Amino acid sequence: MLRTPLAASLCLLASLSGAAPLFSQDPIPESEPNDSIATADTAVLGGRVSGHSDAANDVDYWVLEARAGDTIYVDVDASEFHSTMVPGLLLTGPDGASVWRDYGDGWDGEDPYIEYVARKSGAYYLRITGKTEAGHGASAFYTINFRRARCPVVSSEHEPNNTRATARALALQSPVNAVSCPNGDADLYVVDVTHPSRINVEMFTPEQWQPVLHDPRYPPVSSLRVYSDTALLASKDWPMAQKDSMRLGFDADKPGSYYVIARTSPGGFRFTYTLRASETLYHGPGDPVVTITDNVGPYSRDIAVSTTGDLYVPDGPGQRILKVTPTGVVTEFVTGIGVVQDALAFDAAGNLYAVGGGSLYRITPDGHYTVLAHVLTAWGLAIGPDGSIWVAESGLLRYSPTGRLLTSSGLSSGTALGGIRAVAFSPTGQLYVADDATIYRFTDGRLEAVLHDEPWIHRFAIDSAGRFYVSSEGFPIGAYGREGRIDLFAADGTVLQSPFARTPVMPTALAFGRNSDGTPNRRLFFIDGHLGEVRPGLATLGEVKPGSIDIPGGRDPIASERAMRELLHPGSVLTPEERAALDASGNRNGRYDIGDVRLLLTRAGALP
Amino acid sequence: MTRFARLTAVTALIAACTDSLPSPLPPPPPPPPALTSLTLTLRGPASDDGALLLEFKGPRLGTVSPADSTSAFSSEMISDSVLRVAIIGNVSNAALLRVALTSPGNVSAYQATILEVTDRAGQLRGSLTAYSIQITGQ
């Protein structure tokens, strides 16, 4: 039975509590001075003690009696409970010789552990110190459990599973909740594949995993390895953050068993994860996506494409707008203005529009900006065929090219969750707006739902055939992962591909590319940044698989007159691509006909 | 009887005899009025057609005008005697268009062929066998 992360955590705690009843008792606090063998505080096997690293040179000694043959367990909890202390242990025997040391190099997170069978009876002294460069004082607390630590069984993982012989089944679409046990535990799973397919493995780390990083250069890392019977097929190591996910795809060329090894470094009792295998996640024609650059603002949620083919993204915290070439060269375009991360758009003349700091800006191609109007904020921005500026604020505001407010449509009551989240024009000049889960056709203040995509539409881009590419946050997977994806819909809202492509975490912006001469092309760019909640500073600007876009984007309308003339002079007016595009946005029967033209006119509002 | 009197009597006799001869064949009826335009009317099985593409053949084809101004309409001469017409809208079994002729002609000289018909969702009709175009002249 699947469990939630909370349930898994409770299960973990229950398991720990059940394994050692004394665990629930208050620990015995240290009493200073205890910084020498002579002043050591007393502990007992099976008990708990606690203390602090009061200063960089503070040393605490604990003494316990053991008989020859007893197992001395020393399980320190510090960093896993957000202590700033990085403990180190030294155990000495009755004869004064050191018998074990552990300086927190990764047994249980950054906390050490000792498991030692006493060879002699007598007093054993445990010295605990905190690393000098780590924290000291009230925040540098520790607890020592003189008890056996076992990796608990959590939810659907079953230890032992560290060999192929003991590997547990990882069924497609059936997540496994597990713990990466201390001391470098490796969990093996077997995926049984019945037919050649592309398999994707996703590993999610839950919310409660918040290790204290004493050295940010070495963050916790999760690892996935995939093996066939004979070879390593894929591997990935990923610096994991809270609620983060890592995806690894591999081609299962033939039916059989494929082995997945999951581990975290350092592992530990608190390092839970959810693992899921699927054969559908990467089946979109736009996969695999390609990274253009990771060097864009983490909060960017919009892309505007200039008539020279460069990409512009807002960097709100940096108060700037970045220019990114299609090859990934990032430069500053304009700085010093507040910009919201959701609103950038170009007009036909190559002027860029942005919103921020309560202003609507027009920025000329050479970077000079002027304030056109005062607006509170913006969730989206689009420039109409007539040059009018549409701002999605609390409602939908329409400004003249000079910044005069023309109309204001309050749409909150007509949308699902209180506001517009995106706005864009179709190739035929039709305005569409989106709230969190629905795209609407907007005509004369009226909204007509066109398509629905759950949950959380961030952006959409319309190709020259009127089809919608929609970036969706997607449903949660397993613990806190997301099924973020780009979906493709026909002009009438019919789902054509879901997913069309997957992005590393969650796509927050979409835009078609342009060639250097300004003509729309078949490149579809995205920003994947998880709203800055995960891996801040690592937002990705990428594009879907090159060659996967069959119809170019941008405003490249096929005028109805040309479409009609093509009916009268077949093969002499439109290009084959244009005919295919119109069929794709029309009745999709594989050929160009009068039905496609009828639907073109319908979309353009040319029919009663 | 004088010579004058005899001539008068003969003339009168001839005149009398002439009145009693059978009547000659009536003159041919005047030619029917020459057609100067043609009206094309759709005859089809559906009441919700949404578009129609047709080809119209015949001599002396002139200007074309739609019968319904609410429909989108386009026509072009493909050759001297072939006209192609697209009509998109709420097409019904009614007059579709009027074709002016550049000189008088006969209905029998003209032929209309329906190429494509759709419903109002833009889907092509699978069969056109029940569709026809009635041509009438004015």
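This is a predicted model: local features need pLDDT of at least 70, side-chain atom pairs count only at pLDDT 80 or more; totals for chains, interfaces and linings use all residues.

Visitor: Which residues have the most contacts inside the largest nonpolar core?
Guide: They are Ala354(A), Leu381(A), Val391(A), Val433(A), Phe460(A) and Tyr469(A), in a core of 115 residues. The largest share of this core, six residues, comes from strand 5 of chain B.

Visitor: Why is this core said to lie between domain 3 and domain 4 of chain A?
Guide: Because domain 3 (290-543) and domain 4 (560-603) of chain A both give residues to this core, it lies between them. Apart from it lies another core, of 28 residues, among them Val176(A), Phe204(A), Tyr258(A) and Ala277(A).

Visitor: What makes strand 33 and strand 36 of chain A edge strands?
Guide: Four strands of chain A form an open sheet in the order 33-34-35-36, with antiparallel pairing; strand 33 (422-425) and strand 36 (446-452) each pair on one side only, and those are the edge strands. From one strand to the next, the twist averages 30°.

Visitor: How do you know that strand 34 and strand 35 of chain A pair?
Guide: Pairing requires at least two bridges between the strands, and strand 34 (residues 431-434) and strand 35 (residues 438-443) of chain A are joined in the antiparallel sense over four bridges. Val433(A) has Tyr440(A), in strand 35 of chain A, as its bridge partner.

Visitor: Why is Ile78(B) called partly exposed?
Guide: A residue is buried if 20 or more other C-beta atoms lie within 10 Å of its own, exposed if 12 or fewer, and partly exposed in between; Ile78(B) has 14 such atoms, and is therefore partly exposed. Ile78(B) is found in strand 4 of chain B and touches Leu83(B) and Arg84(B), not counting residues up to four places away in sequence.

Visitor: What makes Arg60(B) stand out in its backbone, and is it buried or partly exposed?
Guide: Phi of Arg60(B) is near 55°, a positive value in a residue other than glycine, and Arg60(B) sits in the loop between strand 2 and strand 3 (61-66) of chain B. With 17 C-beta neighbours inside 10 Å, Arg60(B) falls between the two cut-offs and so counts as partly exposed.

Visitor: Which elements give two or more residues to the side of chain B that touches chain A?
Guide: The contact takes 17 residues from chain B and 19 residues from chain A. On the chain B side, the elements giving two or more residues are strand 2 (49-57), strand 4 (72-79), strand 5 (82-91) and strand 7 (111-119) of chain B, and strand 5 supplies the largest share, five residues.

Key: Residues are numbered from 1 along each chain as its sequence is written. Chains are lettered from A and ligands numbered from 1 in the order in which they are written. Two residues are in contact if their C-beta atoms, placed from the backbone, lie within 7 Å. A nonpolar core is a set of buried Ala, Val, Leu, Ile, Met, Phe, Trp, Tyr and Cys residues joined through C-beta atoms within 7 Å. Domain bounds come from an automatic or database domain assignment. Axes are lines fitted to C-alpha atoms, for helices over the stretch in contact, and angles run from 0 to 180 degrees between N-to-C directions.
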